[in-house]
Amino acid sequence: MPTLRFTKDHEWIRQDGDTAVIGITDYAQQQLGDIVYVELPSPGARVEAGKEAGVVESAKAASEVYAPVSGEVVAVNELIAGDPAKVNADPMGEGWFLTVKLDDPAALDGLMDEAAYAAFVAEQG
Amino acid sequence: MRYLPLTPRDRQEMLATIGVRSIDDLFADVPNAARRAGLVDLPLAQGEIEVERALSRMAAKNVAAGSVPFFIGGGAYRHHVPAAVDHLIQRGEFLTSYTPYQPELAQGTLQSLFEFQTQVALLTGMEVANASLYDGATACAEAVAMAHRVTRRGKAVLSGGLHPQYREVCRTYAQFSGVEVSLLDATPGVAEIFDIDNNTACVVVQNPDFFGALRDGSALAARCHQAGALLVVVVTEIVSLGAVTPPGDMGADIVAAEGQSFGNSLNFGGPHIGLFAAREQQVRQMPGRLVGQTEDADGRRGWVLTLSTREQHIRREKATSNICTNSGLCALAFTIHLALLGEAGLTRLAQLNHAAACTLADRLAALPGVSLVNESFFNEFALRLPVPAAAAVAALADKGVLGGVPVGRFYPARDDLADVLLVAATETTTTNDIDIYYDVLAEVLR
């Protein structure tokens with residue numbers, strides 16, 4: 001059973017064994033508006049927890065996508081590089097950003113679960 | 001009318017408000033040793049007529065480029081700028097506006113910048129060009145920074161044929177951006193070997209190079225691409241592109257150039273105008289402003305700034321560049337001059353420049369002890385003199401000829417370059433100028 005967790009920077013991460021898929025949340029895509037560009041790391045590159053793993057750009061803003069965990073990039077979603085609107089349409093599905101091989105399979109422990117994240121977003125107003 | 005905004009009474013009130021007695025009290029923290037005792041020896045007040053005369057006397061010490069036979073190049077070139085250029089850029093809408101980029105009221109400026117970008121892309125053979133940067137040297141340093149972003153690699157290899165001041169600007173930038181800069185020796189007339197490894201972000205070459213020689217960058221471009229590096233081509237004499245294969249056709253990934261030759265005077269070395277062009281695939285990594293063509297709500301053609309998310313006002317410290325300024329008025333002058341020339345005019349202008357340089361090179365190299373270093377050149381070449389070039393230039397200047405740039409001025413530690421003189425000719429060089437140069441140089445070398 002995969003574990004789904006969330007960050008305060010509005011990334012989601014879904015762990016299955018020693019790999020995890022990372023993307024941005026529905027709340028994040030709503031806040032950004034129409035997404036026009038995404039920049040992804042190269043497969044094989046390393047990402048560090050809390051550090052930049054990519055960039056997402058909308059018609060009105062640009063922001064960094066932070067890696068919730070440390071690990072090695074094993075795949076990136078070329079589909080959203082060609083069609084960034086996929087991130088708006090299906091942020092938790094087809095609009096995923098990257099897959100990493102986790103350094104530490106217990107790294108998700110400190111992150112929010114779905115209920116905690118929903119409460120966190122509600123607080124943001 | 002009062003020219004000074006504050007009366008003594010205003011000053012007293014301000015000092016009283018902040019609780020000090022005199023303006024000198026504000027400088028109490030500056031140690032006495034660092035202060036100048038008394039005033040600088042300048043006249044306190046003069047009438048307008050006296051000031052005008054004094055300044056005219058000072059200005060008369062300058063030798064204007066247009067007043068003597070003039071052969072100086074080395075990155076800034078004297079060309080004829082048609083009178084229409086100055087007339088048009090002095091229209092108030094263009095001359096007095098600062099960053100006029102609101103599309104609602106700046107369609108004229110935005111359209112002219114869009115045309116500028118189109119001209120730069122066509123000239124360089126590239127796919128996209130920005131709305132200009134400060135000058136060729138900063139454009140070159142920005143190209144290195146862009147290659148670093150694109151490749152995520154840490155080393156830039158700079159050709160010895162790259163203008164020494166461009167090399168310095170690149171080094172200054174790199175010092176703070178974590179890019180390692182590898183400088184090849186400046187050796188005119190010798191083929192360079194570039195060491196490209198898997199940490200090389202880019203190789204930077206100039207064409208025609210600092211010594212005026214032309215190079216075919218195609219093989220180098222292929223080598224760079226094979227190794228995953230970018231090729232940056234620098235052009236300091238943009239008129240050359242009226243005759244020379246453009247960098248884009250040789251496989252350049254980024255072109256950084258100085259555009260002063262079109263529409264702009266020597267301007268004492270600046271303001272000049274930086275040109276920057278790249279491949280469309282990497283447009284989001286480009287520095288600087290970019291004007292795009294679009295349609296308004298009624299379907300009419302219009303222009304706006306586009307892809308601004310790369311820029312400082314949106315991306316802050318993550319911006320592609322910390323320069324958000326362009327050389328708008330210089331870019332307009334460039335665009336008007338080039339539009340007046342047209343494609344046929346540009347080709348003809350380039351031919352005139354090359355022809356003048358060929359005549360000049362043939363004459364000067366015929367003098368005893370003088371030899372031409374270059375195998376090829378456009379409108380500038382390097383000569384070896386039988387005497388130090390700096391001394392020859394000083395002697396020529398005493399006799400009313402501005403004979404060129406002594407290369408040793410840029411490389412004082414290099415004895416082997418002390419006798420090398422850079423000489424440029426343009427469409428403004430007359431047969432008479434060349435005759436005078438020949439006679440005077442013969443006299444100086446005798």
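A residue is called buried if 20 or more other C-beta atoms lie within 10 Å of its own, exposed if 12 or fewer do, and partly exposed in between, with the C-beta atoms placed from the backbone. By that count, 36% of the 125 residues of chain A are buried. The model is predicted, and local features need pLDDT of at least 70, side-chain atom pairs count only at pLDDT 80 or more, and totals for chains, interfaces and linings use all residues. Residues are numbered from 1 along each chain as its sequence is written, and chains are lettered from A and ligands numbered from 1 in the order in which they are written.

Chain A has four helices and nine strands, where helices (H or I, at least four residues) and strands (E, at least two) are DSSP runs numbered from the N terminus. Along its principal axes, the C-alpha trace of chain A spans about 35 × 35 × 25 Å.

| Feature of the pair α10(B) and α12(B) | Value |
|---|---|
| Angle | about 20° |
| Distance between axes | 10 Å |

This angle makes α10(B) roughly parallel to α12(B), a term for angles under 35 degrees. Residues T359(B), L360(B), R363(B) and L364(B) of α10(B) meet I434(B), Y438(B) and L441(B) of α12(B), a contact being a pair of C-beta atoms, placed from the backbone, within 7 Å.

Key: Axes are lines fitted to C-alpha atoms, for helices over the stretch in contact, and angles run from 0 to 180 degrees between N-to-C directions. Angles under 35 degrees count as roughly parallel, over 145 as roughly antiparallel, 65 to 115 as roughly perpendicular and the rest as oblique. Two residues are in contact if their C-beta atoms, placed from the backbone, lie within 7 Å.
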